[in-house]
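Dear colleague,

I am passing on a structure that will be new to you, and below it I have set out what was found in it. Please look through the sequence and the model before reading on.

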Amino acid sequence: MRIKYLLTLLVAGGLASAAIANPYETTLKNGLRVIVKEDRRAPTAVQMVWYRIGSMDEVDGASGVAHVLEHMMFKGTPRFPKGRIDTISLQRGGSNNAFTSYDCTGYYFTFAADRWDVALDIEADRMRHLNLDPVEFEAERQVVLEELTMGEDHPWEFLRRNVRALAYSRHPYRHPIIGWPEDVAALTVEQMRTFHQRHYQPGNAVLVVAGDLKSTDTFRRIEDRFGPIPGRPAPLAVLPPDGPPEGRVRFAASRPVHVSRLYIAFHAPSVRHRGIYATHLLSYILGEGKTSRLYRRLVEGDRTATSAAIHFEDMLDPALLGVAVQLKSGVAPAVAEAAVFDELDRLCTDGVTPTELARARRQLTADTVFDQEDVSSVAINYGMYECIIGYRYYEQFLERARRVTAHDIQAAAREILNPAACVVGCLEESRGGPIGTEEESADEPLELPDLRQGYRLPASPAVNRLTAGRCTGSGPAVRLPIESHRLANGLTVLVCPQHHLPAVLLGGVVQVGSREDRPGAEGLAHLVAGMLDEGTPAHDYRHIAELVDGLGGTLETFSNRESSGLILKLLKTDFTTGLDLLDELLNESHFPPDRLELSRSQLLTHITALDDRPDYIGSREFNRVVFHGTALAHPVHGSPETVRSFTRAQLRRFHRRHYTPANTVILIVGDVDTARALREVAARWRMRPAGIRLPRPIIPIERQLRRVERTVTVADKEQLHIFLGHLGIARSCPEYYPLLLLDIILGGGPGFTSRIPRKLRDEMGLAYTTYATITATAGIDPGRFLAYIATSPRHRNAAVRGILDEIRAVREHRVSRTELRAAKDYLTGSFVFNFENMGLIVNYMLTAWMHGLGFDYSERFPALVEAVTAADVQAAARAHLDPDHLTIVEVKPKSRTGKPRARGN
């Protein structure tokens, strides 16, 4: 698994954050580098072990070994056998995961601060005593191959992977992190063991611990666990020199896609190069926000694309700067390519303006603040940069970047953006025939006569107790200083001050979503919300975009089933300006005709592009069946037919009807004074007419009384996507908490602690992704019970059988006391992580307000979970899970002959 690196920097001067004020460091005698960050903002702790080893350390023919070894690290040790690591995370209310990059590999644990140090025991033990069982290795190899196939089915991942392979001629960066299929298929256990013994040792590792802890005590615990491990000098990698390609190399794939995509890659500086600072600012000027060069040219000016972005990350050796463009339907890639190179040439020739430079610096500064919202991000950045260059680079970046001049950026552009030394990749629009849908055997038995065979109740509990140090009971109490106020015109204001970061998040949420779309107008709520920042009588879209980007802030419009609106994230110094903008956009947007046509065309392209994703196709079809006949059956964004039909008059009527103070809630989280925030909101909104607060009754819908099977065929894909389930519950369901625990036990717990992922992925190796949940989509209206798996078509029957076996088992047999206890410990212990950043706090405030939970819900949650019994869970499973009357939607790849690929056994 790989996480995306974020550019993270130190905020200088008055914006400096306490979160970056105190790195304590040491190096153990065995060479282990240790960094401790004390951070008191929340009672949480993050531990990360980084190894200076990644896919760049692999030799030709053995690509993927670092990534496969990352998977095998969770197969356990003699002290912590298979499954125990995930069990510990479950019972202590934490999480664990890992990721492999080109330059390094990281393993992390997150826990409440009173129970984190068990992670030290785990990491120290698997650094020395990793199990590498051949049977487990073979099963995990199949999981990795499914993960690789999943990437091949994703258009952007497929395109970037192949462009990268051409951009380097000798350097290992040309290989995918996950490896090439033939290399992964040929890997052996001995290769794993040799790789582990060579690279997984203290002299090649960095340990970062961050959170609500004391550095002296933390150093003592680390020395106790890791000090005895023998160390040796880190192995030195000797890599062949590499450079940009000679000429403009092209890659074009003949595979059906519904929307053309263009990806152009240039060689860019290493993190060790003095030009790295100018390159980051260059990437902001070219592709960050609506004021960037490429967005203005391709999306706003030529109107040939719906998005244009820059991909660039700090890497140990020379990286790639990628230009990613998604084209409008019908636009030839050559047209967009010519426009990109023309715009790059303009920048190289004319340079950047003082306004562009000032804006890029402001954006970079604000992003630095935003990226320190949670302890995990801080730990990631310290560990990653210590691995590749030293964490001082991270701390000094902003100061050095501010010294970059317009001349420096122009020089960097001329060096990097060479049209005669790059790779141009293209996936050109080619539908390959329509998507086919057919309904199968709705009243006949499944073609699986042995569905009930092969199931047996485990002889021992599925979740094992810890032998020592087990942590049970509720997690730390969560108390938020939320204040609620309602103006005379009905506007609700919710404020939660959080002073650890000089930033503020402003939300304007209107109680209207796709559930309010009328028949024939599906997608209207979505389009109205999407155009909130497209202009008002006082300011056009350019002014709005320049204001937001100039402040270094972010503005996002949103619309879902239940609500619509916008979110502004700004530095605290811009709070007043942000409130002015929020007021204006929510109340005075007037949907200019020319902007309506641009927004419409962008939305139509987005809808079309979604047909390149089999997982989306399956989810959409599943909803059509389960929510048939209601507003819940259609996608939030509507259909091409409805989107084409909308008029400006419709949008304005919808806005006037729904976007009123009585129907709106303003949410403010961050470094603000509550009394001042309430005064500022009242000063702007109190004179606005109240409007009508429209009733929102639950949409009546009955659970299906028959089984329905649908098969959807898609061209040129590899994986089979299975969606299995039926109508779920509303958030007001009396059995919500038993079902929440059921989710953790059945299919939504951390790692492979839940029954379905443990059986189908960890034991059978059928998939990289599989889960089940009934509470995730519970809202005002019933959501859906859904079990999902993406697997090879040959595993279809085994996958369906395995899911149904587990559903029946949880209905027919009470969950064990051990399972129930572990699920409770996980929910209560991990609850604190729902408040790690401003966005999560806003989500909590809105949920508590919309569903009438009360703002003390965070304090009452542990007791609500603890009150649930095993009998409650079984009763809820019997009442709300029905394996005999469900919907199965399969998105099946079409073979080269045009016929659906055959089902397996």
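How are α17 and α18 oriented to each other, roughly parallel or roughly antiparallel? Please keep in mind that this is a predicted model. The axes of helix α17 (residues 541-551) and helix α18 (residues 575-588) cross at roughly 150 degrees and come within 12 Å; because angles over 145 degrees count as roughly antiparallel, α17 and α18 are therefore roughly antiparallel to each other. The crossing in which α17 passes α18 is left-handed. On the α17 side the contact is made by Ile544, Leu547, Val548 and Leu551, which meet Thr577, Leu581 and Leu585 in α18, and by class this contact has six nonpolar residues, one polar residue and no charged residues.

A second pair of helices is arranged in another way. Helix α24 (residues 736-748) packs with helix α27 (residues 817-830) at an angle of about 105 degrees, and their axes are 9 Å apart, so that α24 and α27 are roughly perpendicular to each other.

Leaving aside neighbours within four places in sequence, Leu417 is in contact with Phe266, Leu282, Leu286, Leu321, Leu344 and Cys348.

Key:
Residues numbered from 1 in each chain as written. Predicted model: local features only at pLDDT ≥ 70, side-chain atom pairs only at ≥ 80, totals over all residues. Heavy atoms only, no water. Axes fitted to C-alpha atoms, helices over the stretch in contact; angles between N-to-C directions. Helix = DSSP H or I, 4+ residues; strand = E, 2+ residues; numbered from the N terminus. Parallel < 35°, antiparallel > 145°, perpendicular 65-115°, else oblique. Contact = heavy atoms within 4.5 Å. Left-handed = near helix turned anticlockwise from the far one by under 90°. Nonpolar A, V, L, I, M, F, W, Y, C, P; charged D, E, K, R; others polar.
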